[in-house]
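Thanks for coming. I have one structure to go through today, and I will keep to what can be read from the coordinates and the record.

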Amino acid sequence: MKPIMLRTPPRAAPVAAAVCGLVALMALLAPWIAPHDPFAVDPLNAYAPFSGTHPLGTDDLGRDLLSRLVYGARTSLAGPLVVVIAAGTLGTGLAVSAAWFGGWFDNLVSRALDVLFAFPGLVLAITVAALFGTGFVTPVVALSLAFVPVIARVMRAAAMRERNLPYIEALRVQGFSSLHICLRHLLPNLAPLLMVQAAIGFGYAMIDLASISFLGLGLQPPAADWGLMIANGQPSILAGFPQQSLIAAVAVVITVVAFTAVAERLAVRFGGDVR
Amino acid sequence: MNTPLLEVRDLRKQFKDFVAVDGVSFTVPAGGSLAVVGESGSGKTTCARIVTGLEKATSGTVLLDGAATLDRRRRASFVQMVFQDPYLSLDRRQTVSDCLGEVLAHHDREMDRRSRAARIDELLDLVGLDRKLGESLPRHLSGGQRQRVAIARALAPNPKLLVLDEAVAALDVSIQAQILNLLVDARAATGVAYLFITHDLSVVRHVCEDVVVMCRGKVVESGLVAEVLEAPAAAYTQRLVASVPRPGWVPSRAVSRG
């Protein structure tokens, strides 16, 4: 995961947020809004063009592409969501503990994060998936671990800065416990930054998980997943039917760009204001 | 003889090779007001931080009401601190009422909501803040108002001793005067004693009776404010007093030199 270098125009942020909301709604309401069963095979209707019955056409097995796209939003969003929640929780927990206790504990955590940081996330996830089996859980767990140092490093720096602010010292002088100060004051003040990190990480996790699915190490057919749809559509591209790969790829790109734009806006909104 | 509220004996604090505080001793009687003055780096803030428990002394003793050790909560209800920067000493997410309410609930768990609200109003009155500001976040307050909130928070547990670490240094002059007057009034109203850390001698005259002058971690002179500042005996104190700007004043290059 690399730092974001985009400049999102302020007016693009609400549009991006709306796109994120729409994709999330699509995932939540999939059973009610999908026009067909995403798994229903209809070989006689394979590679059907855009029509009223199949607005985005069908794939090589005659499955409705719109329905698969709608259902695919579920796994495509659930994976990154689990990754950012798991990595955010673990990373922030480690970061705040290291910043709060300092000394040898901080050194230990920092060196452990350095070691974890040395493994590129995608490579780690692919290796773990190859070793422990394909599916949804294995790549998500591996990617969560890979994202921990990315989030923890940023959060540790912020926690260090926050920990040394006079209001934290005032709370210590008031006799509040470390746990109380961390849970009631430090963490809530770090929450906006964590939100930004999560939103940035979400986009990258989505690309990584789509890549893992594309390589055949994530979800397996007949699951409806955008990365898998891109992979499954590959042979059809050569046959002159690029819809499946193209539609899924566009969905991934739009969603990632939208989340990244929202993250960029959040970073501008919350960045560095400690007063 | 009465036990002093605060007794600091032969205090020493070393940061690696640097000795910040070296054999400092002083006392603060109940209801008294002691100023610790000196230029930046003289060790006065380190003393204050040790007294409040934010730092541990390398050696020496700090006795609070005659006791060397107090548990966290008892220490907090005995000694409190007001910090220099009012912009950073309040949690930016917490309203004034929540800030004070949290402290009150922490120190008196049996206090019900109504009593707490009444005590918050009382504290706001004490520091001269409009009660309506209770629902304000720190960013909606001026520097002076924020420092008043910080003082109210420090006074909330009814401490016997209030450590004020350059508490007016970050405020502009007119606000400084208001806060100093507030401190004088608050002391009269509550009987709280002050340990006033400052480099501003005019502030010392306004608020304190006793003064300790520190230079390079050591006490060079101590006594009544009127005596020490009017007729300083130590060469360092003389230079410190001479460095206060006045009509026709020519600044020397450094107070602590030779």
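This is a predicted model: local features need pLDDT of at least 70, side-chain atom pairs count only at pLDDT 80 or more; totals for chains, interfaces and linings use all residues.

Chain A first. Chain A has 11 helices and zero strands, so read from the N terminus its elements are simply α-α-α-α-α-α-α-α-α-α-α. The C-alpha trace of chain A spans about 75 × 45 × 30 Å along its principal axes. Of the 275 residues in chain A, 45% are buried. If you take the contacts in chain A between residues at least 6 apart in sequence, 68% of them join residues at least 24 apart.

Chain B has an annotation from a record. An unreviewed UniProt entry lists residues 6-241 of chain B as "domain: ABC transporter".

The buried ones are P166(A), Y167(A), I168(A), E169(A), A170(A), L171(A) and V173(A). What do these buried residues pack against? Within chain A, they pack against helix 6, residues 137-163, and helix 8. From chain B, the partners are helix 1, helix 2 (72-78), strand 5 (79-82) and helix 5 (143-155). After helix 7 of chain A comes G175(A), with a positive phi near 90°.

Helix 1 of chain B covers residues 44-52 and is mostly covered, with nine of its nine residues buried. The list is K44(B), T45(B), T46(B), C47(B), A48(B), R49(B), I50(B), V51(B) and T52(B). Helix 1 of chain B is followed by G53(B), and here too phi is positive, near 90°.

The largest nonpolar core has 155 residues, and L195(B) and V204(B) touch the most other members. Helix 8 of chain A gives the most to this core, with 18 residues. Leaving out residues up to four places away in sequence, L195(B) touches L6(B), V28(B), L34(B), V36(B), A48(B), V51(B), L161(B) and V163(B). Two of the names on that list, A48(B) and V51(B), are also buried residues of helix 1 of chain B.

A charged residue next. D210(B) lies in strand 8 of chain B, residues 210-215. Is D210(B) buried or exposed? There are 21 other C-beta atoms within 10 Å, and the cut-off for buried is 20 or more, so D210(B) is buried. Apart from neighbours within four places in sequence, D210(B) is in contact with G32(B), L34(B), L224(B) and V225(B). L34(B) is also touched by L195(B). Q238(B) is 28 residues from D210(B) along the chain, and their C-alpha atoms are separated by 17 Å.

Last, the backbone. As background, most residues other than glycine have a negative phi, and most peptide bonds are trans. Here are some exceptions.

In chain A, the bond joining P221(A) and P222(A) is cis, with omega about 10°. P222(A) sits in the loop between helix 8 and helix 9 (226-232) of chain A.

In chain B, N158(B) has a positive phi, near 55°. N158(B) is in the loop between helix 5 and strand 6 (161-165). With 14 other C-beta atoms within 10 Å, N158(B) is partly exposed.

R216(B) is not a glycine either, and its phi is positive, about 50°. Its place is the loop between strand 8 and strand 9 (218-224) of chain B. R216(B) has 16 C-beta neighbours inside 10 Å and counts as partly exposed.

That is the end of my list.

Technical notes
Residues are numbered from 1 along each chain as its sequence is written. Chains are lettered from A and ligands numbered from 1 in the order in which they are written. A residue is buried if 20 or more other C-beta atoms lie within 10 Å of its own, exposed if 12 or fewer, and partly exposed in between; C-beta atoms are placed from the backbone. Helices (H or I, at least four residues) and strands (E, at least two) are DSSP runs, numbered from the N terminus. Two residues are in contact if their C-beta atoms, placed from the backbone, lie within 7 Å. UniProt positions are given in the numbering used here, feature names are shortened, and annotations may be inferred rather than shown by experiment. A nonpolar core is a set of buried Ala, Val, Leu, Ile, Met, Phe, Trp, Tyr and Cys residues joined through C-beta atoms within 7 Å.
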